Amino acid sequence: MRRMTFLVVEDSPAMRQLIGFALKRFPDCRILQAVDGADALRTMAYEPIDVLITDINMPIMDGLKLVKVVRGNPAMADLPIIIVTTEGADADRERGMKLGADAYVAKPMEAGDLVRTVNEVLKRKAAARPSVP
Amino acid sequence: MSGSGHEQFTDRESRLEEALGTVRRLFEEQASSAPGEPAAAVAAATDGTDDLLMNLYVAGLHLHGSLDLHDVLVNLREILINLVGVERFVLYVADSTARNLRAVADETGLVRGPATAGPEGGIVSVVVRTGIPYFAADDDAETTPGGPCVACVPLKMAGAVLGVVKIERLVAHKSGFEQRDHEILNLVGEQSGPALLAAALYRRYLGTQNGTSPGPAGVLFGLLDVAPGTESSQETAP
């Protein structure tokens with residue numbers, strides 16, 4: 001069985017580490033990291049990803065553009081995407097959700113909140129998937 | 001111990017007593033619950049402790065993760081914004097008399113303002129003078145001559161105040177400081193000063209090397225090598 005793979009896209013090294021620690025609550029998962037949207041797309045070109053967790057405000061390519069590019073690709077159209085952001089910024093968060101993100105977690109975040117959100121999104125995605133006869 | 005130090009100690013002691021009481025109560029609740037019944041309260045408390053320890057570990061690691069002054073300031077900024085939820089802040093360093101403050105960074109990055117400025121007055125001056133952190137009651141920003149202030153944390157080292165972080169505003173979705181924030185800001189107060197001082201000394205040391213960089217290991221080796229009167233040599237002296 002393939003291990004669940006998370007891709008954490010965040011320009012702050014401290015936040016990348018903190019999110020990584022939180023995700024380690026998922027047993028035997030693999031956590032990949034990228035520093036911005038462009039870096040994430042490079043990683044996704046050769047690594048299968050199960051959940052994408054991204055910040056919004058990043059240099060080079062921000063999280064909103066990343067969400068848009070991912071959702072525009074039919075191969076990744078169903079990929080669970082969670083935004084983790086400080087943008088109090090309902091406007092940015094709403095834009096992210098409209099572009100196709102599945103959920104968001106506000107910074108400063110609690111590990112439990114992120115884990116719960118990931119679980120909820122995965123359950124929702126599994127329930128929406130057509131059952132194979 | 002000074003009066004203020006004693007008060008801080010007493011305050012910390014009572015908070016620890018309170019925490020111990022909570023843990024005892026949770027264990028009693030767990031012991032009295034039916035076998036196999038999930039002790040949700042204990043799980044939640046464990047989650048909270050894990051979360052706090054993760055945050056403290058990450059903050060400490062990143063504060064001391066570099067000898068580059070710019071990196072230390074960037075990491076401090078990241079900790080305040082991402083781990084505490086600070087939206088606006090100013091980092092001041094104080095001169096040896098604690099009479100002058102210099103703004104060196106804010107939420108946008110490094111501050112390139114006037115080299116020195118007098119103390120802002122009000123809360124900031126009190127914090128620089130006493131070394132006791134300030135948190136506004138009910139998180140209502142106190143207006144100081146330099147702008148609003150919801151909290152002011154002294155950066156300390158060996159009992160001296162090297163500067164302060166004045167927090168002007170928290171992110172909109174955060175209603176106030178939680179216990180976790182106090183612990184992280186306490187770490188920031190205790191650890192930022194040494195981190196900034198180490199980075200500043202390292203930069204100065206490199207500046208004396210006429211363009212040849214010995215690297216951190218070379219600096220440490222050189223400094224330890226020339227340290228006068230080590231304890232062992234004193235012990236062996238007649």
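Which residues in α2(A) meet L66(A), V69(A) and V70(A) in α3(A)? In the predicted model examined here, the residues of α2(A) that take part are G37(A), A40(A), L41(A) and M44(A). The two elements concerned are helix α2 of chain A, residues 37-46, and helix α3 of chain A, residues 63-72, which pack at an angle of about 30° with their axes 9 Å apart. Since angles under 35 degrees count as roughly parallel, α2(A) is therefore described as roughly parallel to α3(A). The residues of this contact divide into six nonpolar and one polar, with no charged residue among them.

From α3(B) the contact draws on L69(B), V72(B), L73(B), L76(B), I79(B), L80(B), L83(B) and V84(B), while the residues supplied by α5(B) include I184(B), L185(B), V188(B), S192(B), A195(B) and R203(B). Taken by class, the residues of the contact of α3(B) with α5(B) comprise 15 nonpolar, one polar and three charged.

The two chains also meet each other. The size of an interface is often given as the accessible area lost when the parts come together. For chain B and chain A the buried area is about 1,600 Å², and carbon and sulfur atoms give 60% of it. On the side of chain B, the residues that lose the most area to chain A are M54(B), N82(B) and H173(B), which together account for 34% of what that side buries. In terms of residues, the contact takes 20 from chain B and 18 from chain A.

As to polar interactions, the rule finds seven residue pairs in polar contact across the interface of chain B and chain A, both residues of each pair being at pLDDT 80 or more, whereas zero salt bridges are found there. Two helices of chain B, α2 (40-63) and α3 (69-84), each supply at least two residues of the side that touches chain A, and the largest share, nine residues, comes from α2(B). The residues of this side divide into eight nonpolar, five polar and seven charged.

Side chains of opposite charge can pair when their charged atoms come close. Over all chains, the count by the rule comes to 16 salt bridges. One salt bridge is formed by D78(A) with K125(A), whose closest N and O atoms are 3.5 Å apart. D78(A) lies in the loop between α3 and β4 (81-85) of chain A, and K125(A) lies in helix α5, residues 111-128, of that chain, so the pair ties together parts that are 47 residues apart in sequence.

Two features of the backbone of chain A remain to be described. Most residues other than glycine have a negative phi, and most peptide bonds are trans. At D28(A), however, phi is near 55°, a positive value in a residue other than glycine; D28(A) is placed in the loop between α1 (13-23) and β2 (30-34) of chain A. K107(A) and P108(A), in turn, are joined by a cis peptide bond, with omega about -5°, and P108(A) lies in the loop between β5 (103-106) and α5 of chain A.

Terms used:
Residues numbered from 1 in each chain as written. Chains lettered and ligands numbered in written order. Predicted model: local features only at pLDDT ≥ 70, side-chain atom pairs only at ≥ 80, totals over all residues. Heavy atoms only, no water. Contact = heavy atoms within 4.5 Å. Buried area = accessible area lost by both parts, 1.4 Å probe. Salt bridge = Lys/Arg side-chain N within 4 Å of Asp/Glu carboxyl O. Polar contact = N/O pair within 3.5 Å; in protein donor to acceptor, adjacent residues only side chain to side chain. Helix = DSSP H or I, 4+ residues; strand = E, 2+ residues; numbered from the N terminus. Nonpolar A, V, L, I, M, F, W, Y, C, P; charged D, E, K, R; others polar. Axes fitted to C-alpha atoms, helices over the stretch in contact; angles between N-to-C directions. Parallel < 35°, antiparallel > 145°, perpendicular 65-115°, else oblique.
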